[in-house]
Protein chains: 2
Amino acid sequence: MNEGLEYQEELRQLAMQGDVARFLAKARGLHPSDLSDVLASLDGETQLRLVQTLPVSIVSDALAEMDDEEHPEAVLAALPSEKAADIVDELADDDAVDLIAELPADKAARILASVADRADIERLLGYDEDTAGGKMTTAVVTVLDTATVEAAIEAIREQAADAEEFYQIYCVDDTFKLVGILPFQNLIVSDPVTVVRSIMEPPLPTVTADLDQEQVAQLIARYNVPAVPVVSHFGKLLGRVTFDDVMDVMEKETTEDILKFGGAPPEEELAGTWHQAVRNRLPWLTLNLLTAFLAAAVVYFFQDMIIRVSLLAVMMPIIAGMGGNAGTQALAITVRRIAVGMIPAGRARWTVIGKELLVGLLNGIAVGIPVGLVAAVLGGQGWQLGLVVTLAMWGNLVLGTAAGAAIPLLLQRIGVDPAVASSVFVTTLTDVFGFSLLLGLAAVLLLPGV
Amino acid sequence: MNEGLEYQEELRQLAMQGDVARFLAKARGLHPSDLSDVLASLDGETQLRLVQTLPVSIVSDALAEMDDEEHPEAVLAALPSEKAADIVDELADDDAVDLIAELPADKAARILASVADRADIERLLGYDEDTAGGKMTTAVVTVLDTATVEAAIEAIREQAADAEEFYQIYCVDDTFKLVGILPFQNLIVSDPVTVVRSIMEPPLPTVTADLDQEQVAQLIARYNVPAVPVVSHFGKLLGRVTFDDVMDVMEKETTEDILKFGGAPPEEELAGTWHQAVRNRLPWLTLNLLTAFLAAAVVYFFQDMIIRVSLLAVMMPIIAGMGGNAGTQALAITVRRIAVGMIPAGRARWTVIGKELLVGLLNGIAVGIPVGLVAAVLGGQGWQLGLVVTLAMWGNLVLGTAAGAAIPLLLQRIGVDPAVASSVFVTTLTDVFGFSLLLGLAAVLLLPGV
């Protein structure tokens, strides 16, 4: 690893000295993923100079490997349209689409005007980028199902030259309908005169272009296939999505889920600047502030109680906090159950809430009793204060735990992404409910005594 | 999808009726992943009866596809050792190891005693299950780098029969040292007399058996390779880890990270029973209770202040809540930056905290001023109360945001998994600090006035 880092540092130095010849000599031995790191670490001016002098094929490989956050489209945008088009021509069509989609419309149009295979790219641009269509490449290797192994090998040979890496050979009929998948190993162990149809395997799974990328990822993980063919509603082969595209999707979805869970804006770039962070997070905090006022309003309403029994103010953070924690636990479990497809179908889904309710009832009583005892001893209000605290704690844990499960399930039911049910949302609920229970019960059960 | 579900329901019915012949006829058309769902959904008795009568190869395929949470090892454990050993013999060695590792030691030993290729399995059992060694299969397809393409194809043909699916052909020298990787497409487009060495590609990346599985996943995602070869410290080929194993790892790590973030026990099974959930979560809640008492202690100390200025109790949940939210946002961002390897190296890592500190300073003042104004108007204590609230809010957001970034970075620095820094931990901190600031400042700035 460290060796690689030193190598990258050397390349960075050469680039900054403008020594393109030596840079090129060294860069040839580097994997495009590593070269893309070097490119991304350079300042804009050095980057532009380098990209203009390096061979187009090397630049396109490196751009394809850049992370979204390293903004490869900005590199493209800085170039003259003709040069940018040459680079786009070298890119795999799915990578080209990813870059073009990020560019301003006029710049994109100017570059596309000079791109040779723009028809493919323009068609792919028509798909929603979060679907199988948006993630697929049209570069597929196909053989006719009626061909012999010998003819198939010849056909593959012809296509392999300009195909990207491929892991599956698709068998189509004469209308380009996908009828099977031919594993390399079947091809290699078969007699040259064997007909493809007799050694191909059923095309399972396939997806349509409009399927959501997360579901494509789940299929690839479930069936352990390196790629999944994309077909039209009539079964015609359109392209393929590969495992590596799907791994990127999984990583991005995880980031989004954790940011949402933490009440952070899911569109915040992980390596963004401080002013982007301030601008992105402030609206979320403001929204949270409004909900926090709800909890404060409950306390405001019961101020008299607090003046008379100040130990209630001491108990407030415990009741609210524990309800919030229990709710966040249930929320985390439920959000993941939904994400990995582990929620029972139909009415059985509501058993999930039943289970959490039971967990809340039991854990609520387990933590409610000791805290109630402490309150009874410290409060100097007799056993009544202890009872109020125990009941409030119990009730808040039951509500928190049940809500932690119910909220994401309800959101999913009505077609909203359940991950937006952040921990912040649940803790506001347990704040409001916990304070209401604690102070309300105190008003009912303690007032005669104080 | 629904069609598949109906098909599975039909199979379940046949299994429960004990109609193995018709079950078998139908099951042959099913992907092992789908068959494993059917098997997992049966009660223990039906499952056992079915597994004992189905052909061993079908059972082993289905067990290999079961999720951990469906406990395929329990199916194995219920069988007589001889039968279980037959199934293990059919399994890929990495899948066999996963099952055997979950069994009680005596049961595992009894089964292994009858397994034919137990040497491989016992060697794999020696690796930590979270490393490349624990995830790899020893089933690799190799060719000598000095062979011709024609001889290589013959060698592959011989190995392909009992190899699982493979996506890469490994080129080794006569000491079994890995010297290159031969893509299928290079093989297929080359002349039969070409020497393998001239068409192979450098073996990049490779991993050693002790590398953590998460890093293996990152390498596969980074270099877009369907498999990564595992080598000894002397470069000898030991096995390979494939993309599908790594996708399972990614999914499990995401679950663990979200559970930890939510303060839930990461070992809780997503589909576990209510009593497992109660038992797993209660220790975490008890720990949280102890920390909640810290926040309560601060309020206990300042009870007199609250009795005199009860609006302070109203402001408590707002100050604590907003600090917690800002902290959770920073925590979510930082935990993900660490997980995807986006923290700068060396001293530059601390710039991450600097950025968050700045974000806290700016967002803190932005939400602190309006809340302070509200407090000044409602409190009837003049501008001083407003100042106290604004300063407490500001300070708590600065601390929360900085701590959200600093805690996981510090944990990582000292070699502890940064994901254990759950949102619960940060919100406790902001509760304690927020209350101390609010009530402490009030004691200093308001006392002369009240």
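Predicted model: local features only at pLDDT ≥ 70, side-chain atom pairs only at ≥ 80, totals over all residues.
Colleague: How many residues does the contact take from chain B and from chain A?
Modeller: The area that chain B and chain A bury between them comes to about 9700 Å², and 70% of it lies on carbon and sulfur atoms. On the side of chain B, Ile188(B), Gln329(B) and Arg336(B) supply 8% of the area buried against chain A, more than any other three residues. The contact itself draws 109 residues from chain B and 109 residues from chain A.

Colleague: Which helix of chain B gives the most to the side that touches chain A?
Modeller: Between the two chains there are 27 residue pairs in polar contact, counting pairs with both residues at pLDDT 80 or more. The residues on the side of chain B that touches chain A divide into 70 nonpolar, 21 polar and 18 charged. With 16 residues, the element that gives the most to that side is helix α19(B), residues 311-339.

Colleague: How many salt bridges are there between chain B and chain A?
Modeller: One salt bridge joins the side chains of Arg281(A) and Glu356(B), with 2.8 Å from N to O. A network of salt bridges also links Asp34(A), Asp37(A) and Arg222(B). Over all chains the whole structure holds 30 salt bridges, and between chain B and chain A the count is six.

Colleague: In which sense do strands β5(B) and β6(B) pair?
Modeller: Strand β5(B), residues 227-231, and strand β6(B) form a hairpin with five residues between them, and in its turn Gly235(B) has a positive phi of about 90°. Across the pair, Val231(B) stands opposite Leu237(B) of β6(B). Strand β6(B), residues 237-242, is mostly covered, with five of its six residues buried. The two strands are joined over five bridges, and the sense of their pairing is antiparallel.

Colleague: Is Thr46(A) buried or exposed?
Modeller: Thr46(A) is found in helix α4(A), residues 44-53, and its side chain makes a polar contact of 2.5 Å with the side chain of Asp43(A). Leaving aside residues up to four places away in sequence, Thr46(A) touches Ala15(A) and Met16(A). Because its relative accessible area is 8%, and the cut-off is under 20%, Thr46(A) counts as buried.

Colleague: What is the N to O distance in the salt bridge between Arg118(A) and Glu122(A)?
Modeller: Arg118(A) and Glu122(A) both belong to helix α10(A), residues 118-125, and lie four residues apart, about one turn of the helix. Arg118(A) is partly exposed at 35% relative accessibility, and Glu122(A) is partly exposed at 38%. Their side chains meet in a salt bridge with an N to O distance of 3.6 Å.

Colleague: Which residue does the side chain of Arg157(B) meet in a salt bridge?
Modeller: Arg157(B) is partly exposed, with a relative accessible area of 31%. The salt bridge is 3.6 Å from N to O, and the partner is Glu154(B).

Note on methods: Residues numbered from 1 in each chain as written. Chains lettered and ligands numbered in written order. Heavy atoms only, no water. Contact = heavy atoms within 4.5 Å. Buried area = accessible area lost by both parts, 1.4 Å probe. Salt bridge = Lys/Arg side-chain N within 4 Å of Asp/Glu carboxyl O. Polar contact = N/O pair within 3.5 Å; in protein donor to acceptor, adjacent residues only side chain to side chain. Nonpolar A, V, L, I, M, F, W, Y, C, P; charged D, E, K, R; others polar. Buried < 20%, exposed > 50% of the residue type's maximum accessible area, 1.4 Å probe, protein only. Pairing = 2+ DSSP bridges.
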